[in-house]
Amino acid sequence: MDQITFSEAEYQTKKRKTRREIFLERMDKLIPWKQLEKKVALYYPKGQTGRPPYPLPTMLRVHCMQLFYNLSDPAMEDALYEIESMRQFAGLKLDRLPDETTILKFRHFLERHGLGKVLFKEVNKHLEKNGLMLREGSIVDASIISAPSSTKNESGQRDPEMRQTRKGNQWYFGMKMHIGVDDTLGLIHSIDTTAANVHDIVSAGNLLHGDEQRVFGDAGYLGIQRRDKHKDRQNVSWFIAKRPDVGRSGRRFLYCLGGKV
């Protein structure tokens, strides 16, 4: 039996659970880890030469925590050193933790084999099977993901998949992540990525599963109901934020296909 550290002993004897601990416990039960591991194991290195890799279940959980909390690779490494509940979730001990390079390489490994979308679909399939994914309504939105615009790198160029865009008075260089979310439980059911200069409404059709009775979005989706993909969907109520009206002191209104509400 391994000797526990002072940090682990203190963690086991504390009297109340933090919100982070409760959340991670829910994710531990909700996510179909074994199914996800099977999808990734086909490509994961076996460690027959060189230093053995960290166990796949561990790296998969570290990667998910990085997504849960929107952490950079260095921040994820620091969190593992500082937070016992995260180490417990990943099955890690304080004496051997993945560094930021290892975390980066695993993320690139998933990207290289296109496994991100595979895992996302597997999770959604599991949620639907267990009645946890509702399909009556969706919220659509888009977020800019900034990237370094410098050309001081090996290629001397910017990333060709990324573009520049302006939001308000601020310019950004990077990509845009478009998401479709269940309007009741807040679970993400659809994801699309584009260059940052692509208008939100262009990817809207990829964010709707087709069974919605109501759709919510900000002013970036004005006119979505008139697009060819959606104009025949008479059973949908479109709740889209109207752009600020200077004559009405900048107030925003929600309106649906049948009029203002």
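Me: Why is glutamate 122 called buried?
Reply: Buried means under 20% relative accessible area, exposed means over 50%, and partly exposed is in between (1.4 Å probe, protein chains only). Glutamate 122 has 10% relative accessibility, so it counts as buried. Before we go on, please remember that this is a predicted model, in which local features need pLDDT of at least 70 and side-chain atom pairs count only at pLDDT 80 or more, while totals for chains, interfaces and linings use all residues. Residues are numbered from 1 along each chain as its sequence is written, and side-chain values use heavy atoms, with hydrogens and water left out.

Me: Where is glutamate 122 found, and what does glutamate 122 touch?
Reply: Glutamate 122 belongs to helix α8, residues 115–129. Helices (H or I, at least four residues) and strands (E, at least two) are DSSP runs, numbered from the N terminus. Leaving out residues up to four places away in sequence, glutamate 122 touches Pro32, Gln35, Leu36 and Lys39. A contact here means heavy atoms within 4.5 Å.

Me: How many salt bridges does the structure hold?
Reply: There are 11 salt bridges. One of them joins aspartate 200 to lysine 176, with the closest N and O atoms 2.9 Å apart. That pair links distant parts of the chain: aspartate 200 is in the loop between β4 and β5, and lysine 176 is in strand β3 (residues 170–182), 24 residues apart. Both aspartate 200 and lysine 176 are buried.

Me: How do you know that arginine 233 and glutamate 212 form a salt bridge?
Reply: The closest N and O atoms of arginine 233 and glutamate 212 are 3.1 Å apart, so the pair meets the salt-bridge rule. This pair also links distant parts of the chain, 21 residues apart: arginine 233 lies in the loop between β5 and β6, glutamate 212 in the loop between β4 and β5. Arginine 233 has a relative accessible area of 15%, so it is buried. Glutamate 212 counts as buried because its relative accessibility is 0%.

Me: What makes phenylalanine 68 and tyrosine 69 an edge-to-face pair?
Reply: Rings of Phe, Tyr and Trp (its six-membered ring) pair if their centres lie within 6.5 Å; planes under 30 degrees apart count as stacked, over 60 as edge-to-face and the rest as tilted. The structure holds nine aromatic pairs. For phenylalanine 68 and tyrosine 69, the centres are 6.4 Å apart and the planes at 80°, so the pair is edge-to-face. Phenylalanine 68, at 26%, is partly exposed, and so is tyrosine 69, at 28%.

Me: Why is the pair of phenylalanine 216 and phenylalanine 239 called stacked?
Reply: Their ring centres are 4.9 Å apart and their planes are at 15°, so the pair is stacked. Phenylalanine 216 is in strand β5 (residues 214–217) and phenylalanine 239 in strand β6 (residues 237–241), 23 residues apart, so this pair too links distant parts of the chain. Phenylalanine 216 is partly exposed because its relative accessibility is 27%. Phenylalanine 239 has 18%, and therefore counts as buried.

Me: How do you know that arginine 20 sits over the ring of tyrosine 69?
Reply: The test wants NZ of Lys or CZ of Arg within 6 Å of the ring centre and within 35 degrees of the ring normal. The charged end of arginine 20 is 5.7 Å from the ring centre of tyrosine 69 and sits over that ring. Arginine 61 lies over the face of tryptophan 33, at 4.4 Å from the ring centre. Tryptophan 33 and tyrosine 69 belong to one aromatic cluster with Phe23, Phe68 and Phe89.

Definitions and conventions:
A salt bridge is a side-chain nitrogen of Lys or Arg within 4 Å of a carboxyl oxygen of Asp or Glu.
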